[in-house]
Amino acid sequence: MQDNTDPRILLVDDEERFRTTLAKRLKGKNFEVADLGSGNEALDYIKDNQVDVVVLDIKMPGMDGIETLGEVKKLVPGIEVVLLTGHGTVETAVEGMRDGAYDYLMKPCEIDELVEKINGAFAVKKERDLRLKQAEDRSRLDKLEKAVRF
Amino acid sequence: MGMHMKRKERAASVYSIRLRWHIIISYCLAAVISLALIAGIIYFEYRSSVNERATARLVSVVMEHKGTIENFLFELANTMRMVTLLEDFDNLRQQDVLEQVYAVLEKEYDFAFEDLGVLDLDGNHLAYVGPYDLMDRNYIQAEWFQDVLEKEMVISNVFLGFRQAPHFIIAVKQTNGQDTWILRATVNAVKFASLVEYVRFGRTGFAYIVSHDGYYQTRSRDGYRVMDHVAPDHLDLEFFEGVNFWELKQDQRNFFRAKTWIKDNDWLLVVEQDVDDIYGELYLLRQNALIFFALGGILLLVLTLMTMKLLLRKVKLIDAEKELLDEQLIQSHKLASIGQLSAGIAHEINNPLAIIGEESGWMQDILKRENMQGIPEHDELTDSLREINQQAGRCRKITHKLLSFSRKMDATIREVDMNQLMDEVAALREREAGLSSIKFIRDYDQDLPMIHTDSSQVRQVLFNLINNAMDAINKNGEISLSTKKNKDKSITVTISDTGMGIPQENLTRIFDPFFTTKEPGKGTGLGLSICHGIIEKLGGTIFVASKVGEGTTFTIRLPLEPSVTVADD
Ligand SMILES: [Mg+2]
């Protein structure tokens, strides 16, 4: 993973206009953004594309945000998720954090707050990816060392 | 609050007037009726027993005196018969013998005999002993003399005779061989009358004798003398057997009269006693009973009034309690439904609001681009969009509060030291308060037990109330914070300020969502309704009391253990 790439965001919300406009704005803030209208589409997307942070609406028809979160974490554990909550879903959001979400935000939210959360999530992911890479390198080195000895 | 208070006052006044009179009247009526009944029964029972006793006494007096009088007369007469049997006619007609006999009789009968004479059948004295010179007197015309010739022995009626002193005659006819003669004695009627007249009992008890033809034989009570005739209609002289008794009224005098015929139905013995005399003690009793009755009545009245006062106070208390409960119930129902409604609205508005926010944000983003800097009215557009954003933000705050107000509580129940919690919250604002010369006064119960509740939610409530208090004071004042342990497994927390107070008409609406007296945009009117919701969900209650110009006190009662509604997520 290159250090200087823009964070790749996947925005999932059933409100189309909200989603597309927010996507445009985030793009303007130097994020690489994709936006989708349902959990299923999101799961299909992450199978084929690299995503750093998913911004996920909890209240959606069909597969809701929490279910989607579980599936995402199952498919690609390294992806960080920021939840967007609405009516009566704060508890759910906290629950979601137990299930591995990075944080949550109440809708409607300030763009700056969202950017901040996304950056935080991205930083966590980047750090983890870095450690993962270092660990992989080390293990490769170890194998090499063993091979050399014998 | 105004209407509410009026209703309460009216309810109270209904109690204090209608109920009070109802109780007073029925209590007193019951008391007076039973008292009167008891007094009446006792009085009449007693009266009839007094009556019976009086009757019995009068009858026994009559019988007793009938015996005494008849014995007395019979004894005198019998003595004279004995004299005629023991002494010969020839002896007795001698003056000295008669004198000896008279001396004995006079001594034995305590001067009852005034004189003694021996008469022949023509009514002439053969011998005479006595204080008067009656030797030559002839009695042939005297009624008693006629009688004694027929009856052998006679006791005459009392009469005055020529000596003008009441007396009567006892005469005995005796035959010795061929001589038939008569021994005659005069009996002092005064002496005899004393037997009757001295009969006194009670205050007015009196006895007298009337002859069968209506002449007083002894003095009457109302001033008639011996030999006076009975006033017409005053005494019934019909013959009867035994003792006659009744109550009657004569000359304004109420009295009992008992009478019986004595001396072979010749004389009527009459005993009288005034009703007042007989019932004297009864009248005294009646007077005492009346006093007792009056005192009892007063006592009962006082007791009734006291009982009623107590009762009314209790009723009022219960009523007030009920009213309060009703009020709380209505309030929480109201809040629940308003909460539901507003949450629904908030939810529906949230998404459009989010879109508005994003769209205006996007336009701002565009306007910030370099190639947009030169367009006309750039600044106006920027300003307008900023305002849209700001207003959307304001809406967002409202909907967020609404949602937090209505959302189910995620209560984390922990052991909480309320004193410490109060201090924590107060500390957040105390420095700032100091700048406005607002002083915090703490009055904590040092023995306050730990309570199990959600500290963060309670903190939110306390923070809100302290903020309100500071707003109410503005500058220069005091905020009192106190905690107290209650008897019923709960604690009370009060937050009082010396601020401007809340007008009556606002007090009942103060917990309603969106109720605010602040300028538009300065407050959402949700703070207190959220506080109310939190405290209620924690199983407690929150009250407000306020007086304009003096300040406001919020009183929170929280249970030591949260009630079940909290667990119901
Ligand atoms: Mg949605």
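Cys395(B) counts as partly exposed because its relative accessibility is 33%. Partly exposed is the range between buried (under 20% relative accessible area) and exposed (over 50%), taken with a 1.4 Å probe and protein chains only.

| Residue | Relative accessible area | Class |
|---|---|---|
| Cys395(B) | 33% | partly exposed |
| Cys531(B) | 1% | buried |
| Ala354(B) | 2% | buried |

The model is predicted: local features need pLDDT of at least 70, side-chain atom pairs count only at pLDDT 80 or more, and totals for chains, interfaces and linings use all residues. Residues are numbered from 1 along each chain as its sequence is written, chains are lettered from A and ligands numbered from 1 in the order in which they are written, and side-chain values use heavy atoms, without hydrogens and water.

Ala354(B) sits in helix α7 of chain B, residues 280-367; helices are DSSP runs of H or I with at least four residues, and strands are runs of E with at least two, numbered from the N terminus. Apart from neighbours within four places in sequence, Ala354(B) has contacts (heavy atoms within 4.5 Å) with Phe18(A) and Pro108(A).

Chain A has five helices and five strands, in the order β-α-β-α-β-α-β-α-β-α from the N terminus. Of its 150 residues, 45% count as buried.
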